[in-house]
Structure formats: structure tokens, C-alpha cells
Amino acid sequence: MVKLIGKVLGRKYTLLVNNGFAISAALLMACSLQAGAFEMLIVGRFIMGVDGGIALSALPMYLNEISPKEIRGSLGQVTAIFICIGVFAGQVLGLPELLGKESTWPYLFGVIVVPALVQLVSLPFLPESPHYLLFEKHDQAGAKKAFQTFLGKEDVSREMEEVLIESRVQRNIQLVSVLELLRSPSVRWQVITVVVTMACYQLCGLNAIWFYTNSIFGKAGIPPEKIPYITLSTGGIETLAAIFSGLVIERLGRRPLLMGGFGLMALFFGILTITLTLQDHAPGIPYLSIICILAIIASFCSGPGGIPFILTGEFFQQSQRPAAFIIAGTVNWLSNFAVGLLFPFIQKSLDTYCFLVFAAICLAGAVYFYFVLPETKNRTHAEISQAFAKRNKTHPPDNTDPGTPEPR
């Protein structure tokens, strides 16, 4: 849905309209118990899935397009930071003293309405993406005003010139379709890298960690009634690691954080397999399992948790970007669906050795990024295209939009 809605409404108004899905979902789920209709809960969950799918495509695109290239990575990490804050907030609100009781769980679902209302009230005061205004609305005055608002300065001539150079070339070029993007040889490795990155993002095993967390805490001797409070540490570690990544990404770059994150996850998954296998042999081993869980979560959020969305925006020119986010979002959610569907069978068949599957995926991802992924820090879209040109066996000329069809 993102390409169609985004073309008509733009990035900002897509996000605004999307809040209608969140509010509808919150009302359906919050009222399901009182109405005695579990169907309302299922429909509400479905609508919330639509909201999440649109948001995780439109939001990274918007952030990428409003960011100066010097802070594009840090601002892109905001998505991951607030996902982690959302997880932590859900854990806190789900405590028995708050909304985690049989009588109050509908209100926990209803809390979804709060961030939706906050965005509905605040987002109208922010400008539309200047790239969208220039490329798709041909509104130069509006784009200049948007740049001035976002950058907080009057002189935005340099930023305008960078975008205008690209805009002049693409003025008569239509948005690229998903099929055209997949067929384009000059962005072949960018598309492959986005697919690999998004697949690793979901298949790396973090969801499996949540599946195991409570049982590992229980085997460490933590009383069941205390486990929800100990689980708060996982949400806290997530948030801190994501903030750390946002602070250092412009200094270290995307490539080291992505390779290092997946490499460390593979290492700790291997150690976790050993500790889970031997946890009955010594009283202290379950605590090593807890440390491994926290280390895996921290490794994920320090790089792999947010960078895939940043790279999708950085790899492609304006006319390609909506199609690229459709591909990225589709791979992301299909991989998420696959993990949810297959993990119970993997866990039943392999027991504690199931984590070796995820270790192999993480390791394969780190190796792929080592050999294929160029550093995109502080580079323009044209420079990133040039970095992929040799591997794509193409040589896109300067100031063109590689991989797009001829002007029509």
C-alpha cells in the first residue's frame, strides 16, 4: 500500500493517515472483552499489522529524505531507538501492578492510541519531505522552506543545489516499479544487499530469544512472580544499545556496526547453546545464559536493529526509493512470518541446538557484508551508486539516476 498512498499523499500525510489504522485497532482490541467478541481482537491485530507495515516503510523514507548526509545515519537510528522504547514501555505497562492483569489487559491494547494521537497533533507542524516536494510536486519554494525549517538556517542553497541537480535529470522520469527495480542491472547488488539485510534482520534469532527468556530466567532460580521485573532488563539493554548506535554510527560507519553486530550475535548464540546444554551441570551456568541473552540483544540493537532501514534509503535514488522500501518491507515481514511459523518446529526438533541455526545465519550475514557492503557514511546517493557500479558491471554517468527507465 505504501507506494500508492505515498505517491498521492506524500511521506508526511501517509504517516498522518496511518494513525487512523492505529486508532481503529486500539478501539477494536480495547473493546473486545466488554463486547465479548474475540473476533474484534483478531481484526484489531490485523489492522495494527497494516499500521506497522506502512509505518516501517514510510517513516524511514521520510527520515532519510529530511536528513543532511552528515547525520543521516544518526537520525535514521531514531526508528530503532523508539522501537526499543516501545518494547520497554510495553514491558513496564504489562507489569501486574499496572495493566498486566486479567481485568486490565484491554486497556494495555488501548494504550496504542496514545502515540497515534501524539503524532496526529505534532506532525502537522512539520514540513513535508523537501525531496518529495521537488521531485514529485515540483514545488521549489516549498522545498526551500522545508529545508530552512528542518536545518534551522536561512541559507540552504547548497542543499537545494544537491537536490536540484538530481531533480533536473529525473524531472520526466516516472517512479520505478518494483518489477523494473528488480530487473535493473545497475542496482542489482543494491537490491540483493537490501534483501539479505532485511532477511538477516528478522531471521537472526532475536524473536527466538524472547521465546526462551522466561524459561531461562526460571531455570536460573528466579521466582516466577519476579520474572516480569527481571525481563525489564532486556528492554533497558535494547534501548541503551540503540542509543549507543545512534551516537557512534556517524563516527564508526554502517559497515562495522552491521558486521560487528551480527558477528557478536553469532558468537553469543554459540556460547548460549553450550550454557543451555550444560545448565543442569552447575548452579551458576543458567546465569551465564542470562548474560548471553542480554549480550545478544545488545549486539542486535547496536547495529542490525536499525541500519537495514537506513541502508534501504541510502542505496537508491528518489525515483527508485518507494519500490525499494516495498521490497525491503515485504522481505522483512515475510521473514518475520516465517520465523513465527517455523520456530516452534525448529525448537521442538533441535531443542537448545536451535540457536546454532541462528548463529549460522548471523555469521553468513557478517561474511556477506564484509565482502559486498561498501561504507555509505557521509556519501551522496550518486557516490553510493558509483561504489556499487563495479560489482554491478555498470558505469553510471555522473548526476544520473542509475537503474531508472528512460524519460517518457
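Throughout these legends, buried means under 20% relative accessible area, exposed means over 50%, and partly exposed is anything in between, using a 1.4 Å probe and protein chains only. This is a predicted model, so local features need pLDDT of at least 70 and side-chain atom pairs count only at pLDDT 80 or more, while totals for chains, interfaces and linings use all residues. Residues are numbered from 1 along each chain as its sequence is written, and side-chain values use heavy atoms, with hydrogens and water left out.

**View 1**
Tyr13 sits in helix H1, which covers residues 2-35; helices here are DSSP runs of H or I with at least four residues, strands are runs of E with at least two, and both are numbered from the N terminus. With a relative accessible area of 43%, Tyr13 is partly exposed. It belongs to a nonpolar surface patch together with Leu4, Val8, Leu9 and Val17, and the five have about 480 Å² of accessible area together. Patch members have over 30% relative accessible area and no salt bridge; nonpolar side chains (Val, Leu, Ile, Met, Phe, Trp, Tyr) are joined within 5 Å, like charges within 9 Å. The areas come from the Shrake-Rupley method with a 1.4 Å probe, and for residues only the protein chains shown count as cover.

Is Thr14 buried or exposed? Thr14 is buried, at a relative accessible area of 2%. Skipping residues up to four places away in sequence, Thr14 touches Ile5, Gly6, Leu9, Ile54 and Ala58, where a contact means heavy atoms within 4.5 Å.

Searching the whole structure turns up 5 salt bridges, each being a side-chain nitrogen of Lys or Arg within 4 Å of a carboxyl oxygen of Asp or Glu. In one of them, the side chains of Glu65 and Arg11 meet at 3.0 Å, N to O. This pair links distant parts of the chain, with Glu65 in helix H2 and Arg11 in helix H1, 54 residues apart. Glu65 counts as buried at 1% relative accessibility, and Arg11 does too at 4%.

The closest N and O atoms of Arg72 and Glu314 are 2.8 Å apart, making a salt bridge. Here, too, distant parts of the chain are linked: Arg72 is in helix H3 (residues 72-93) and Glu314 in helix H15 (residues 307-315), 242 residues apart. Arg72 is buried at a relative accessible area of 5%, and Glu314 is buried at 0%. Arg254 and Glu250 form another salt bridge, at 3.2 Å from N to O, and both of these residues are buried. Which residues end up in one network? Arg72, Glu250, Arg254 and Glu314 do, joined by salt bridges that share partners.

**View 1. Gln77 and the residues packed around it.**
Gln77 is part of helix H3 and is buried, with a relative accessible area of 0%. Leaving aside neighbours within four places in sequence, the contacts of Gln77 include Ala242, Ser245, Gly246 and Ile249. Also among them are Cys301, Gly306, Ile307 and Ile310.

A disulfide is a covalent bond between the sulfur atoms of two cysteines. For Cys200, the nearest cysteine sulfur belongs to Cys362, 7.3 Å away. Cys200 counts as buried at 8% relative accessibility, and Cys301 counts as buried at 2%.

**View 2. Gly44 inside helix H2.**
Gly44 is found in helix H2, residues 38-66, and counts as buried at 0% relative accessibility. Apart from residues up to four places away in sequence, Gly44 touches Ala25, Leu28 and Met29.

**View 3. Glu180 and the backbone of Ser177.**
Glu180 lies in helix H9, residues 178-183, and is partly exposed, with a relative accessible area of 27%. The side chain of Glu180 reaches the backbone nitrogen of Ser177 at 2.9 Å. Glu180 and Ala323 are 143 residues apart in sequence, yet 8.9 Å apart in space, C-alpha to C-alpha.

How values were computed
Disulfide = S-S within 2.5 Å. Polar contact = N/O pair within 3.5 Å; in protein donor to acceptor, adjacent residues only side chain to side chain.
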